[in-house]
Amino acid sequence: MAEGLYERYQAASTAHRTHRGACTVCTDTERCTAGQRLFESFARLQDAYLNRQRAQRR
C-alpha cells in the first residue's frame with residue numbers, strides 16, 4: 001500500500017505542476033477551480049504519505 005500511496009502522491013504532484021504551468025489564472029496564492037481541486041488532492045495525498053512515513057519511524 002505504501003508504494004501505491006507514494007505513486008498516487010507523485011502523480012498528484014505532477015498533475016498539479018502541469019496544470020500550474022499551463023494555467024493563466026492560477027498564481028502562488030490563488031487557484032482556478034480545477035487548480036484548487038488538483039492542489040487539494042496533492043496536499044491530501046502528501047499529508048497521508050508523510051503521516052505514514054512518520055508512523056513507520058516510530
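Modeller: What follows starts from the aromatic rings, moves on to the nonpolar core, and ends at the loop and its cysteines. Please keep in mind throughout that this is a predicted model.

A search of the whole structure finds five aromatic pairs. Among them is the pair of Tyr-6 and Tyr-49, whose ring centres are 5.2 Å apart and whose planes make an angle of 50°, so that the pair counts as tilted. Tyr-6 belongs to helix α1, which covers residues 2–22, while Tyr-49 belongs to helix α2, which covers residues 33–57, and the pair therefore ties together parts that are 43 residues apart in sequence. As for accessibility, Tyr-6 is partly exposed at 38%, whereas Tyr-49 is buried, with a relative accessible area of 16%.

Another of the pairs is made by Phe-39 and Phe-42, again tilted, with 6.4 Å from centre to centre and 55° between the planes. Here both partners lie in helix α2, three residues apart, which is about one turn of the helix. Phe-39 is partly exposed, at 26% relative accessibility, and Phe-42 is buried, at 15%. Taken together, ring pairs join Tyr-6, Tyr-9, Phe-39, Phe-42 and Tyr-49 into a cluster.

Phe-39 also has a charged neighbour, for Arg-31 lies over the face of the Phe-39 ring, at 3.7 Å from the ring centre. Once its neighbours within four places in sequence are left aside, His-16 is in contact with Arg-31, Gly-35, Leu-38 and Phe-39.

In soluble globular proteins, nonpolar side chains tend to be buried together. In this model the largest nonpolar core has six residues, namely Leu-5, Tyr-9, Ala-12, Phe-42, Leu-45 and Tyr-49, and the elements that give two or more residues to this core are α1 and α2. Tyr-9, Phe-42 and Tyr-49 are members of this core and also belong to the cluster of rings.

Leu-45, with its neighbours within four places in sequence set aside, is in contact with Leu-5, Arg-8, Tyr-9 and Ala-12. Phe-42, which has its place in helix α2, is in contact with Tyr-9, Ala-12 and Ser-13 when its neighbours within four places in sequence are likewise set aside. To give a sense of distance along the chain, the C-alpha atoms of Phe-42 and Gln-56, which are 14 residues apart in sequence, are separated by 21 Å.

Charged side chains also meet directly, and the count of salt bridges comes to one. In it the side chains of Arg-20 and Asp-28 meet at 3.3 Å, taken from N to O. Arg-20 is partly exposed, with a relative accessible area of 30%, whereas Asp-28 counts as exposed, at 67%.

A disulfide is a covalent bond between the sulfur atoms of two cysteines. A search of the whole structure finds zero disulfides. Cys-23 is in no disulfide, although the nearest cysteine sulfur, that of Cys-26, is 3.6 Å away, and Cys-26 in turn has the sulfur of Cys-23 as its nearest, again at 3.6 Å and again without a disulfide. Cys-23 has its place in the loop between α1 and α2, and its C-alpha atom is separated by 28 Å from that of Leu-50, which is 27 residues away along the chain.

How values were computed. Residues numbered from 1 in each chain as written. Predicted model: local features only at pLDDT ≥ 70, side-chain atom pairs only at ≥ 80, totals over all residues. Heavy atoms only, no water. Disulfide = S-S within 2.5 Å. Phe/Tyr/Trp six-rings, centres within 6.5 Å; stacked < 30°, edge-to-face > 60°. Helix = DSSP H or I, 4+ residues; strand = E, 2+ residues; numbered from the N terminus. Buried < 20%, exposed > 50% of the residue type's maximum accessible area, 1.4 Å probe, protein only. Lys NZ or Arg CZ within 6 Å of the ring centre and 35° of its normal. Salt bridge = Lys/Arg side-chain N within 4 Å of Asp/Glu carboxyl O. Core = buried A, V, L, I, M, F, W, Y, C linked by side-chain atoms within 4.5 Å. Contact = heavy atoms within 4.5 Å.
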